[in-house]
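Here's a quick look at some charged side chains and who they pair with. Have the sequence and the 3D view open as you read.

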Amino acid sequence: MKSIKNPIAWLPLVIAVSVAAGIWVGMEFDGRRNLSTAHQKFSDILSLIQNEYVDDVDLDSIIETTLPDLVSNLDPHSVYIPASALQAVNEDLDGSFSGIGISFTMFTDTATVNEVIPGGPSEKAGLMPGDRIVTVDDSLVAGADIPDRDLVKMLRGDKGTVVKLGIKRATSKKLLNFEVVRGDIPVNTVDAAYMISDDTGYLKVNKFGRTTYNEFLTGMTKLMNQGAKRFVVDLRGNTGGFMEMAVLMANEFLPANAPIVFTRGRTDMDNSSLFSDGTGSFRDAELVVLLDEYSASASEIFAGAMQDNDRALIVGRRSFGKGLVQRQTTLPDSSAVRLTVSRYYTPSGRCIQKDYELGKRGDYDMDILNRYDHGEFYDSDSIKLNLELEYRTIGGRKVYGGGGIMPDVFVPNDTSDITNYYINVLNAGLIQKFAFEYSDRNREALSKAKDLKQFLAILPSDDELLQQFVGYASQKGIPARWYYINISHKLIVNYLKALITSDILGREYYYQVMGTKDATIRRAMKELQDGNAAVPIASKELVEGHNLPENL
């Protein structure tokens, strides 16, 4: 398979910006000294500032603060990364590090948590995606125009030290206070690989990092050795990562010469057509892929390849809709640009990038909330398909472009158990705190369990565990309201059991416990049992002479 990555590619914008800055430091990129009118204007303004502005200014600093806006105005996913922040940005996909275990984005001068790393300190403290960081160690950081790199420095520190966070959460009018103990952050990309039934394996992939393919093969091999003949690959919440890893995973399920993904950019070096090589180990296995509104980028490449080849059943909700490919280029001063260099297309010819307007990042970032407001998470009829962007899978089924991967089987978001009481204890971090305190008090006894069944048998009954938690919450200032507690009974108890199990037995067991009440997994199992994910004859045959779709 042809590799997408080309680390020596320099697009014109990167060259132009670098040359303009290089006027003052004597640098030149690619031997290009002929600047366009716009680029000349940029350098003229810098010259005026240096020679005529009333005060002395640091031009390097001006350029450094201007570049993020310049690049981010291109599209929602291009970004400039200062040298001081590059290591921290790369670590999320490369290995492990010490910190509090979150990733965040600065939105309207406030850091918004994108991800809480499973098993990390922030998860144990009760932080959640979507939280806004208002204060750090009693210092106001929201609206204070603090650079990303400086906020990262405030959040990181020596292992074992404590950072106090003031959090604004959408479901609480009050500022929520959390104390997070800094520690080592595991960056595993496959969270779980376990047997759901005697012949069905489940694999949870949380992102596509450098180690994902190897982790995927290890997990799938383990499941096969345990008797798995059918698989559920869970990409819910997976915001993407390296496209190459998604391509390698897709190759494992496809016959030879099946199209996986096409990319198209401004230059030939950014164009590619990737096909399977026929060496995959799971070509005949029944497969269901789970998606939700947070599945993006590389997740959509994998799911799109499976759907357009009629190779898997897609279950869940419409995915995020990110069809832009970024290449990270490190500049001579050790800063970097992640620049959109191409769009990717699924085998049928779909570009699943959702609409965006230049300079209107806020509208783009609000898309998920707008979907929620329109009822899309609860009713498939609320999804507005662009019927003009109709495509066909290899087997002739209709699929649509224009914004994400539509599931073959829609599963609504289940909120029937959520009450004000549940939201209040969740916002206060009490479910997480109770679970970890319970684990610490009973660690010796719980650690004697030889398997999950024995472990769950050691725990108190559901009613007793709930009683203990309600008493704990009351002591922490949230009074018992049994009408609402009874509605949220199963949700609270299952979450407590999953957290306690995870703390003692490991993160994989969290998913095993949570999965027992997961409506999307239950639906996936039903579809498998009904034979709806059986491998069609067409996908087993050699895909001969499959050309790039004409509508590309």
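## A buried pair

In this predicted model, Asp518 and Arg236 are both buried. Their side chains meet in a salt bridge, with 2.9 Å from N to O. The two residues come from distant parts of the chain, 282 residues apart. Asp518 sits in the loop between α19 (507-515) and α20 (519-529), while Arg236 is in the loop between β12 (230-234) and α8 (243-251).

As for the general idea, side chains of opposite charge can pair when their charged atoms come close.

## Asp138 and Lys164

Next up is Asp138, which makes a salt bridge with Lys164; the closest N and O atoms are 3.1 Å apart.

Lys164 comes in at 34%, which makes it partly exposed.

## Asp184 and Lys159

Asp184 belongs to strand β9 (residues 183-185), and Lys159 lies in the loop between α6 (148-155) and β7, 25 residues apart.

On accessibility, Asp184 is partly exposed because its relative accessible area is 44%. Lys159 counts as exposed, at 57% relative accessibility.

## A network, and the total

Arg318, Lys354, Asp367, Arg371 and Glu376 are tied together in a network of salt bridges. How many salt bridges are there by this rule? The count comes to 24.

## Asp131, tucked in a loop

One more aspartate is worth a look, this time for a contact with the backbone. Asp131 is found in the loop between α5 (121-125) and β5 (132-136). Its relative accessibility is 1%, and buried means under 20%, so Asp131 counts as buried.

Which backbone atom does the Asp131 side chain reach? It's the backbone nitrogen of Met128, at 2.8 Å. Leaving out residues up to four places away in sequence, Asp131 touches Ala111, Thr112 and Val113, along with Ile167, Lys168 and Arg169.

Key: Residues numbered from 1 in each chain as written. Predicted model: local features only at pLDDT ≥ 70, side-chain atom pairs only at ≥ 80, totals over all residues. Heavy atoms only, no water. Helix = DSSP H or I, 4+ residues; strand = E, 2+ residues; numbered from the N terminus. Buried < 20%, exposed > 50% of the residue type's maximum accessible area, 1.4 Å probe, protein only. Polar contact = N/O pair within 3.5 Å; in protein donor to acceptor, adjacent residues only side chain to side chain. Contact = heavy atoms within 4.5 Å. Salt bridge = Lys/Arg side-chain N within 4 Å of Asp/Glu carboxyl O.
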